[in-house]
Amino acid sequence: MQPFTTLTSTPAPLKVINVDTDMIIPKQYLKTIKRTGLGTALFSEMRYKEDGSENPDFVLNQPAYRKSEILVAGDNFGCGSSREHAPWALLDFGIRCVISTSFADIFYNNCFKNGILPIKVSQEDLDKLFDDADRGSNATLTIDLESQTIKGPDGGTVTFEIDPFRKHCLLNGLDDIGLTMEKATKIDAYEEKLKARAWA
């Protein structure tokens, strides 16, 4: 998993509350178990018209936000069913950070397991970040995970809280497999002890 340390990007404003996982990645795309290739289907029912052409009104289709790596979204982001394809699609599109006032628990947990930083902020701070995001390519946000800060284009700073263990995992690029591999030496030693007992 790619470590998350600092990230500077034009933030894309998605001013929608209760964005559920079916809106993030509709059910017809859940047949794959690959984590790649889902970016084109991200928000597909909002991004594309019935004929398959792009909807120019959708934020990620607008020139200023096509390469956004930060999504600023409304309350209760990621609600609905517990599909891990949702963070896979966000990551494959290029989104590394989602900022909202609240997240559904399962989606929130899945973000950390896939290298995405979900940041919870107050409504007041979210409104400021929406204002920054509305400025398009003229404004960028810088996320610093170590200092737990979001720096705006005018020098303003928003701080955020994060569980220390999750912070450690993101900073070091550790998913569940990576965490297990950190214990490889101890695991190998334990296995050797079991072998020795079996042959004793």
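In the predicted model, Ala 12 has Leu 71 of strand S3 as its bridge partner. Pro 13 is likewise bridged to S3, where its partner is Val 72. In total, 4 bridges join S2 to S3, and the two strands run parallel. Strands of a sheet pair through backbone hydrogen bonds, in either a parallel or an antiparallel sense.

Strand S3 covers residues 70-73, and strand S4 covers residues 97-100. These two strands are also parallel, and 3 bridges link them. Leu 71 is partnered with Val 98 of S4. Val 72 is partnered with Ile 99 of S4.

Where do the side chains of S2 and S3 point? In S2, Pro 11 and Pro 13 are on one side, while Ala 12 and Leu 14 are on the other. All four of these residues are buried, and both faces of S2 are covered. In S3, Ile 70 and Val 72 point one way, and Leu 71 and Ala 73 point the other way. These S3 residues are all buried too.

Helix H3 spans residues 85-93. Its buried residues are His 85, Ala 86, Pro 87, Trp 88, Ala 89 and Leu 90. They pack against strands S3 and S4, and also against helix H1 (21-24) and helix H4 (105-113). Just after H3 comes Gly 94, with a positive phi of about 125 degrees.

The loop between strand S1 (6-9) and S2 holds Thr 10. Is Thr 10 buried or exposed? Thr 10 counts as buried because its relative accessibility is 14%, below the 20% cut-off. Beyond residues up to four places away in sequence, the contacts of Thr 10 include Ala 64, Tyr 65, Ser 68, Glu 69 and Ile 70. Thr 10 also touches Gly 136, Ser 137, Ala 139 and Thr 140.

The largest nonpolar core contains 51 residues. Which of them touch the most other members? They are Phe 43, Phe 77, Leu 90, Ile 99, Leu 117, Ile 143 and Ile 150. Leu 90 is one of the buried residues of H3, and Ile 99 is the S4 partner of Val 72. Leu 117 is in contact with Arg 96, Cys 97 and Val 98, among others, leaving aside neighbours within four places in sequence. Further contacts of Leu 117 include Phe 4, Phe 112, Ile 143, Leu 145, Phe 160, Ile 162 and Leu 170.

The whole chain can be summarised briefly. The protein chain has 8 helices and 8 strands. Of its 200 residues, 44% count as buried. Among contacts between residues at least 6 apart in sequence, 65% join residues at least 24 apart. The accessible surface comes to about 10,700 Å², and carbon and sulfur atoms account for 51% of it.

Definitions and conventions
Residues numbered from 1 in each chain as written. Predicted model: local features only at pLDDT ≥ 70, side-chain atom pairs only at ≥ 80, totals over all residues. Heavy atoms only, no water. Pairing = 2+ DSSP bridges. Buried < 20%, exposed > 50% of the residue type's maximum accessible area, 1.4 Å probe, protein only. Contact = heavy atoms within 4.5 Å. Core = buried A, V, L, I, M, F, W, Y, C linked by side-chain atoms within 4.5 Å. Areas by Shrake-Rupley, 256 points an atom, 1.4 Å probe, with all protein chains shown as cover.
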